[in-house]
Amino acid sequence: MSNILFGQNRDGEEVYIYTLKNDNGMQVRFLNLGATVHEIFVPDREGKSVQVSAIYDNPLSYEQETTYFGAIVAPYANRIANAKFTIDGQEYVTDANNNENSLHSGVNGIAKKIWQVKEQTENKIVFTHDAKDLEQGFPGNLRQTIRYILTEQDEFQIEYDMVADQTTVVNPTNHTYFNLNGHDSGSILEHEMEVWSDTFLETDEKLIPTGKFINVGETPMDFRKRKLVGKDIRDNYKPLVIAGGYDHNWCLNNQGEFAKVVELSSELSGITMEVYTDLPGVQVYSGNFLKEEIGKDGIVYKKRQGICFETQHYPDAINHENFPSPIVKEGEEYKTTTVYKFL
């Protein structure tokens with residue numbers, strides 16, 4: 001099985017591209033830098049292969065930029081208020097890289113690290129990375145394992161398996177930006193979306209949850225019936241104005257069971273993507289902060305040219321007793337699965 005040298009990171013370490021493929025013409029490519037999802041090729045309604053994820057064409061861009069294209073974000077995805085939290089009476093301080101708050105575990109996290117490849121077949125690859133105690137401010141030596149699997153049913157599966165030697169917080173996600181018309185095709189606002197959720201989290205001006213759940217009914221956040229992503233995105237609705245579009249946690253109706261939680265489709269390409277998870281939330285991010293990002297072959301990614309579905313615990317859950325807890329006890333195994341299924 002041949003892997004392709006992609007280049008070197010800033011420390012001179014080699015970065016490789018690894019490929020999974022199935023018999024239907026679907027391919028997914030990864031980097032050992034950040035266990036990153038690099039490219040996703042999906043047949044459209046005419047059988048033409050369409051690359052549907054935003055990507056860079058060199059390792060240094062993946063390291064230097066803050067878009068997190070395709071990256072595994074861990075140990076804690078999304079925001080932590082004031083970049084601090086308390087476990088068993090002990091306060092821990094993380095990187096404040098988003099105003100005074102922590103975003104995606106801070107700067108120079110595992111999205112910028114070289115991961116080890118422990119297993120690779122035609123349809124599965126397993127990456128591991130060990131984080132040290134208090135790395136990025138998080139307690140415990142944390143063994144992180146990511147299994148990517150591509151099935152013959154065009155299901156792209158992500159299995160997270162993490163365990164620490166101290167009680168800690170664990171809340172990983174994947175940060176792929178999807179565009180079902182092709183990564184170089186422009187806006188995602190004409191995509192149709194459905195989200196199986198009755199409520200979303202209210203946030204303050206810095207996108208930190210207030211602890212209040214808001215019913216989606218009669219708001220632009222209501223995707224219980226399929227509608228265009230862009231239909232209401234410019235409405236003068238305070239949560240949309242604060243975030244510059246969609247960048248919110250929807251509280252899922254799956255009740256902790258593995259189930260379909262999102263469906264995204266494009267009339268232009270004929271591609272539909274379903275998202276399945278057993279986690280309580282999904283952060284839907286409509287690429288509001290993309291600003292002239294230079295991607296592969298000189299493609300310029302602008303605002304709202306990709307959309308993310310970050311399955312996870314609620315943002316800042318560690319600081320809200322009324323949210324599902326992201327605390328994992330010493331030696332306890334954290335396991336969760338997210339699937340992106342293409343039709």
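Student: Let's start with F323: is F323 buried or exposed?
Tutor: Happy to look at that one; keep in mind that this model is predicted. The relative accessibility of F323 is 5%. Buried means under 20%, so F323 counts as buried.

Student: Which residue forms an aromatic pair with F323, edge-to-face?
Tutor: The two ring centres are 5.2 Å apart, with 80° between the planes. Planes over 60 degrees apart count as edge-to-face.

Student: How many aromatic pairs does the structure hold?
Tutor: Rings pair if their centres lie within 6.5 Å. By that criterion the total comes to 27 aromatic pairs.

Student: Good. What is the geometry of the F69 and Y301 pair?
Tutor: The centres of these rings lie 5.4 Å apart. Their planes stand at 90°, so the pair is edge-to-face.

Student: How many residues apart in sequence are the parts that F69 and Y301 tie together?
Tutor: F69 belongs to the loop between α1 (59-64) and β6 (72-73). Y301 is found in strand β26 (residues 300-301). Both F69 and Y301 are buried. The pair therefore ties together parts separated in sequence by 232 residues.

Student: Nice! Now for charges: over which ring does the charged end of K227 sit?
Tutor: A charge sits over a ring if, among other criteria, NZ of Lys is within 6 Å of the ring centre. The charged end of K227 is 4.5 Å from the centre of its ring. That ring belongs to F223.

Methods:
Residues are numbered from 1 along each chain as its sequence is written. This is a predicted model: local features need pLDDT of at least 70, side-chain atom pairs count only at pLDDT 80 or more; totals for chains, interfaces and linings use all residues. Side-chain values use heavy atoms; hydrogens and water are left out. Rings of Phe, Tyr and Trp (its six-membered ring) pair if their centres lie within 6.5 Å; planes under 30 degrees apart count as stacked, over 60 as edge-to-face and the rest as tilted. Helices (H or I, at least four residues) and strands (E, at least two) are DSSP runs, numbered from the N terminus. Buried means under 20% relative accessible area, exposed over 50%, partly exposed in between (1.4 Å probe, protein chains only). A charge sits over a ring if NZ of Lys or CZ of Arg is within 6 Å of the ring centre and within 35 degrees of the ring normal.
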